[in-house]
Amino acid sequence: MASPDGPNPGRPLLAETPAPSAPAALIAPSLWRRMACWLYEGMLLFAVVFVAGWLFSTLGQMRDAMDSRRHLLQAFLFVVFGVYFVWFWSKGQTLAMKTWGIRVVDRLGRPLTQGRALLRYLLSWVWFLPPLAAIAPFNLGGGESSVLIFGWVIVWALLARFHPDRQFWHDAWAGTRLIPSKPLSRR
């Protein structure tokens with residue numbers, strides 16, 4: 001007589017189903033592709049900075065770059081970047097990510113919530129904050145600052161090779177991952 005618990009008495013049916021592991025589709029794109037996307041994103045952000053900076057300086061009647069309100073401008077740009085990234089990441093892709101066939105998802109491959117996208121945005125500043133913090137007390141020139149910033153970016157990118165899934169560490173901390181993807185269509 002068959003047991004009411006199924007073919008293996010004492011063992012629930014759900015235990016027979018193997019636990020899903022990370023599908024092959026959740027493997028990170030190559031580091032070169034992710035960095036090309038990162039550089040392209042920087043070029044696109046130039047337009048965002050231009051429009052946001054123009055709007056802020058026009059409405060605020062700023063006359064030059066050394067205006068005492070420049071820190072307000074920097075805070076404004078931080079918020080504008082946050083809105084930009086949180087909006088697009090919660091939709092799955094920025095324009096640069098669409099171009100390079102990359103999508104951001106959570107650890108399980110689901111779309112990001114706005115809260116998780118915001119956390120990813122805040123943690124992504126690790127690309128720039130350490131070298132900026134090192135530059136501030138030493139009053140370094142433009143060339144030295146550039147070397148320090150780009151050196152850190154290279155180090156940070158290469159540290160992804162030490163992550164088990166080759167994801168960037170800020171993605172691991174935020175519970176997100178970059179995966180290969182075709183551009184998402186409108187729904």
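Student: What should I know about the model before reading it?

Tutor: This is a predicted model, in which local features need pLDDT of at least 70 and side-chain atom pairs count only at pLDDT 80 or more, while totals for chains, interfaces and linings use all residues. Residues are numbered from 1 along each chain as its sequence is written, and side-chain values use heavy atoms, with hydrogens and water left out.

Student: How many helices and strands does the chain have?

Tutor: Helices (H or I, at least four residues) and strands (E, at least two) are DSSP runs, numbered from the N terminus. Here the chain has eight helices and two strands, in the sequence order α-α-α-α-β-α-α-α-α-β. Of its 187 residues, 34% count as buried; buried means under 20% relative accessible area, exposed over 50%, and partly exposed in between, for a 1.4 Å probe and protein chains only.

Student: How many bridges join strand β1 to β2?

Tutor: Two strands pair if DSSP finds at least two bridges between them. Strand β1 (residues 102-106) and β2 run antiparallel and are joined by five bridges. Within this pairing, Asp106 stands opposite Thr176 of β2. Strand β2 (residues 176-180) is largely enclosed by the rest of the structure, because four of its five residues are buried.

Student: How is the packing of helices α3 and α5 described?

Tutor: Two packed helices are described by the angle between their axes and the distance between the axes. Axes are lines fitted to C-alpha atoms, for helices over the stretch in contact, and angles run from 0 to 180 degrees between N-to-C directions. The axes of α3 (residues 70-91) and α5 (residues 114-124) come within 9 Å and cross at roughly 130°. That makes α3 oblique to α5 (under 35 degrees is roughly parallel, over 145 roughly antiparallel, 65 to 115 roughly perpendicular, and the rest oblique). Contact means heavy atoms within 4.5 Å; residues of α3 including Phe78, Phe85 and Trp89 meet residues of α5, among them Leu118 and Tyr121.

Student: Which residues have a positive phi although they are not glycines?

Tutor: Most residues other than glycine have a negative phi. Asn139 has a positive phi of about 50° and lies in the loop between α6 (129-135) and α7 (142-158). Arg166, with a positive phi of about 60°, is found in the loop between α7 and α8 (169-174).

Student: Is each of them buried or exposed?

Tutor: Asn139 is exposed, with a relative accessible area of 73%, whereas Arg166 is partly exposed, at 41%.
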